[in-house]
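Reader: I am new to this structure. Can you show me how to read its features, one at a time?

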Amino acid sequence: MSRLSTDVRHPLATKQGWASFVAQINPEPPRLMPTEDWKRLTPFERDLYNEARQDYHSALLLVATPDIKKVIHTGTKLVINNRGKQLGRRGLIVSGASGTGKSTSITQLGKKFQIELERRNPGVSDRIPVV
């Protein structure tokens, strides 16, 4: 039985947290343990096994709802149109009820922008988008 990762999760508003969020890839599903093997685990080992499974399920892919797609599309156009402008930049206000995906949309827009920035500027890792 392997131990859980000791990787520390930083808040998304920190450089470490943002870098970790941008670097996330689709997780590998955990190995499903046969029932007989599971029964032989100690309570502590079961907790570790179950936590690994819960971590996998909590990191599943984002469902791109029409609202999330619209924010990312509009935000991407604004980022492109604002390049190099010193004055007259256009912004984006995202509003809505609780739980509608406002923060998710903005973080996905930032992640898309960060990945494109790194692709255009290989080796430059100290630049991050600001919202």
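Author: Start with a term. A cavity is a set of grid points where a 1.4 Å probe fits but cannot get out. Keep in mind that this model is predicted.

Reader: How many cavities of 30 Å³ or more does a search of the whole structure find?

Author: The search finds 1. About 60 Å³ of space lies in the largest cavity.

Reader: Which residues line the largest cavity?

Author: The lining is made of Thr 76, Val 79, Ile 80, Arg 83, Leu 109, Lys 112, Phe 113 and Glu 116. By class, 4 are nonpolar, 1 is polar and 3 are charged.

Reader: Which helix gives the most to the lining of the largest cavity?

Author: That is H5, with 4 residues. Helix H4 (66–82) and H5 each supply at least two residues of this lining.

Reader: Now to helix packing. What describes two packed helices?

Author: The general idea uses the angle between their axes and the distance between the axes. Here, take helix H1 (residues 15–23) and helix H5 (residues 102–120). They pack at an angle of about 80 degrees, and their axes are 10 Å apart. Angles of 65 to 115 degrees count as roughly perpendicular, so H1 and H5 are roughly perpendicular to each other.

Reader: Which residues make the contact?

Author: From H1 come Trp 18, Phe 21 and Val 22. H5 brings Thr 107, Gln 108, Gly 110, Lys 111, Gln 114 and Ile 115.

Reader: How does the contact of H1 with H5 divide by class?

Author: The contact has 4 nonpolar, 4 polar and 1 charged residues.

Key:
Residues are numbered from 1 along each chain as its sequence is written. This is a predicted model: local features need pLDDT of at least 70, side-chain atom pairs count only at pLDDT 80 or more; totals for chains, interfaces and linings use all residues. Side-chain values use heavy atoms; hydrogens and water are left out. Axes are lines fitted to C-alpha atoms, for helices over the stretch in contact, and angles run from 0 to 180 degrees between N-to-C directions. Angles under 35 degrees count as roughly parallel, over 145 as roughly antiparallel, 65 to 115 as roughly perpendicular and the rest as oblique. Contact means heavy atoms within 4.5 Å. Ala, Val, Leu, Ile, Met, Phe, Trp, Tyr, Cys and Pro count as nonpolar, Asp, Glu, Lys and Arg as charged, and the others, Gly among them, as polar. On a 1 Å grid over the protein atoms alone, a cavity is a set of points where a 1.4 Å probe fits but cannot get out, and a pocket is an open set with protein on both sides within 12 Å along at least five of seven lines; lining residues have an atom within 4 Å of a point. Grid points are joined across faces, edges and corners, and a volume is the space filled by probe spheres set on the points.
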